[in-house]
Amino acid sequence: LVQERAPIVQEEVSHLADARRSGAMSLSRLENRLKHLDAAVVVPSFVNDRLIGFLALGNKRAGTMYSEDDLNMLQTLANQAALAIQNAEFYQELQTKTAELIHTARLTSMGKMASGIAHQMRNRFGCLMGEANLAQALLQQLHSPATTPQKQQEAMHLIAAKLASICEEGEKGVQIVKHLLEFSKPAMDRALVS
């Protein structure tokens, strides 16, 4: 099929094998394969120089040989089938590439989202740590014998403010996690349908 790029007719192969006993070895192998397929004619399907497939047809119901018109029509059909197969291959390749692009875009989006969340959480923890460290320093100042009652009163107000700030930053962190969990849950939108 690749060499001749033309239909192979079983009766023609049989006549050629009988006529040429010197080259009958490869022709008899071909004849045996056609018999094994129960094929009276095999028509190649080419796209450019690539053999995509072939049509293997049995004997005609009428019992007659395939005519030149039959072979031309079958060759046209085989060529159309080859184009359809090639289009299907392109479509499958396109679907694969599209799926890969979507997957890459999702991973990129998830990476950006994770980066944003990490930034927000780092800010919250940084604020919590800073306020807690200041509150500890103020507590140490309270226990110092050199601290006047007025300074102690100021330190107590500052400690209260720091504790309020810690609570506020903790609540912001809780809200970030809550929004993240809401985002990750599948949407349960309900709507009337016909």
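Modeller: The residue to begin with is N48, which is found in the loop between β2 and β3; helices (H or I, at least four residues) and strands (E, at least two) are DSSP runs, numbered from the N terminus. This is a predicted model, in which local features need pLDDT of at least 70 and side-chain atom pairs count only at pLDDT 80 or more, while totals for chains, interfaces and linings use all residues. Residues are numbered from 1 along each chain as its sequence is written, and side-chain values use heavy atoms, with hydrogens and water left out.

N48 is exposed, with a relative accessible area of 67%; buried means under 20%, exposed over 50%, and partly exposed in between (1.4 Å probe, protein chains only). Its phi is near 55°, a positive value in a residue other than glycine. The turn that holds N48 belongs to a hairpin formed by β2 and β3, with two residues between the strands.

From the turn, the view widens to the sheet. Strands of a sheet pair through backbone hydrogen bonds, either parallel or antiparallel. Here β2 and β3 pair in the antiparallel sense over seven bridges; two strands pair if DSSP finds at least two bridges between them. Within this pairing, V41 stands opposite L57 in β3. On β1, two bridges make the antiparallel link to β2 (residues 41-47), and I8 has V42 of β2 as its bridge partner.

In soluble globular proteins, nonpolar side chains tend to be buried together. The largest nonpolar core consists of eight residues: V9, A40, V41, V43, Y66, L71, L74 and A78. Such a core is a set of buried Ala, Val, Leu, Ile, Met, Phe, Trp, Tyr and Cys residues joined through side-chain atoms within 4.5 Å. The elements giving two or more residues to this core are β2 and α3, and α3 supplies the largest share, three residues. Neighbours within four places in sequence aside, L74 is in contact (heavy atoms within 4.5 Å) with V41, V43, L55, L57 and Y66. Another core lies apart from this one and has five residues, including I8, V13, A39 and V42.

Helix α3 also meets helix α4 (residues 149-184): their axes come within 9 Å and cross at roughly 160°. The two helices are therefore roughly antiparallel, since angles over 145 degrees count so, under 35 as roughly parallel, 65 to 115 as roughly perpendicular and the rest as oblique. K162 has its place in α4 and is buried, with a relative accessible area of 18%. Not counting residues up to four places away in sequence, K162 touches E131, L134, A135 and L138.

Terms used: Axes are lines fitted to C-alpha atoms, for helices over the stretch in contact, and angles run from 0 to 180 degrees between N-to-C directions.
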